[in-house]
Amino acid sequence: MGVSEARPTAAPDPSHPDPSSSDPSASGAPQKKSRAGRDLPAAFAVGGGLGVGVILILVFAPLVWIPVVAVSIAVATWEVAKRVRAGGYDVGIVPLIGGGQAIMWTAWPFGATGALVSFVATVLVAMIWKLLSQGRTTAPVNYLRDLAVTVLILAWLPLLASFAVAMVLQSHGWARVLTLMIVVVCSDVGGYTAGVLFGKHPMVPAISPKKSWEGMAGSLVFGTVGAVLVVTYLVDAHWWIGLILGPVLVVCATLGDLVESQVKRDLGIKDMGTLLPGHGGIMDRLDSILPSAFVVWAILGALL
């Protein structure tokens with residue numbers, strides 16, 4: 001998510017090229033970039049603008065958060081589906097977009113239960129959709145493979161995002177969602193800073209050559225401190241809850257980033273989209289937040 005860490009990279013594997021090393025002009029990004037491989041002024045401007053918008057919505061009109069999440073997931077689903085289809089996977093756009101919105105909006109009145117029911121119903125629709133995609137007289141091609149990718153996208157985007165919707169409806173929900181956003185940002189800033197200054201040991205070079213153990217340590221420190229402060233002063237809960245939430249959320253956010261990195265490597269692309277200058281697409285901004293939404297919903301729901 002956000003600005004990637006700048007760390008020494010491992011030698012490229014010619015049999016498995018890293019999309020992040022491709023020609024910058026191919027993705028439409030500016031030619032002049034930072035050590036992080038991004039246009040930092042644009043990235044900070046866009047990230048700051050999004051952050052201010054999220055804070056204003058959550059503090060003054062928390063229910064507006066629901067359509068914001070729904071629209072963001074619709075765009076992100078379109079980005080991912082478009083990239084996946086270009087990669088040779090025949091996923092159904094209609095079940096993904098329509099079912100994804102059903103998952104989002106049923107989480108409003110019915111919480112996680114409503115989202116789960118809509119998810120299962122959408123999977124059933126996707127199964128029939130793919131089964132009959134070639135008509136009644138022609139058997140579908142790559143049925144199992146394409147259906148598996150469809151279910152993955154549904155679980156990865158709208159189902160995980162539904163926990164961000166369910167969370168804002170809870171007691172002090174706006175503070176819980178802000179906790180999610182602030183701790184993820186702290187993790188990102190800590191990882192970037194430590195990675196630039198101290199990064200020497202690649203963490204998972206086969207998946208994301210720029211991530212280092214030093215950057216991970218920075219993420220853990222910044223993320224945990226941020227979680228303790230936010231839980232104590234914003235959520236008004238015991239400080240030790242932040243001590244639990246911080247490391248778990250940082251690890252989950254990092255793994256979410258790595259998952260998207262591997263998906264993009266499989267597809268041979270650098271970014272899922274180009275909508276956000278300095279970041280890529282909407283999905284490139286949500287990769288860490290989506291799994292983290294479930295973590296915050298679960299931990300705060302259990303401990304508060």
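These are my notebook entries on a few spots I looked up in this structure, which is a predicted model.

**Entry 1: the hairpin**

I started with strand β1, residues 202-204. It pairs with β2 in the antiparallel sense, over 2 bridges. I looked for the bridge partner of proline 202 and found serine 212 in β2. The two strands, β1 and β2, form a hairpin with 3 residues between them.

**Entry 2: serine 118**

I moved on to helix α3, which spans residues 93-131 and holds serine 118. Is serine 118 buried or exposed? Its relative accessible area is 10%, and buried means under 20%, so serine 118 counts as buried.

Then I looked up what serine 118 touches, leaving out residues up to four places away in sequence: Ala102, Ile103 and Thr106. With threonine 106 there is also a polar contact of 2.7 Å between the side chains.

**Entry 3: the nonpolar core**

Last, I turned to the largest nonpolar core, which has 62 residues. Which of them touch the most other members? I found Trp65 and Leu157. Helix α4, residues 143-168, gives the most to this core, with 12 residues.

I followed up on tryptophan 65 and its contacts, again not counting residues up to four places away in sequence. My list for tryptophan 65 reads Val54, Ile57, Leu58, Ala164, Val165, Val168, Val177 and Met181.

Key
Residues are numbered from 1 along each chain as its sequence is written. This is a predicted model: local features need pLDDT of at least 70, side-chain atom pairs count only at pLDDT 80 or more; totals for chains, interfaces and linings use all residues. Side-chain values use heavy atoms; hydrogens and water are left out. Two strands pair if DSSP finds at least two bridges between them. Helices (H or I, at least four residues) and strands (E, at least two) are DSSP runs, numbered from the N terminus. Buried means under 20% relative accessible area, exposed over 50%, partly exposed in between (1.4 Å probe, protein chains only). A polar contact is a pair of N or O atoms within 3.5 Å; within protein, one must be able to donate a hydrogen and the other to accept it, and residues adjacent in sequence count only if both atoms are side-chain atoms. Contact means heavy atoms within 4.5 Å. A nonpolar core is a set of buried Ala, Val, Leu, Ile, Met, Phe, Trp, Tyr and Cys residues joined through side-chain atoms within 4.5 Å.
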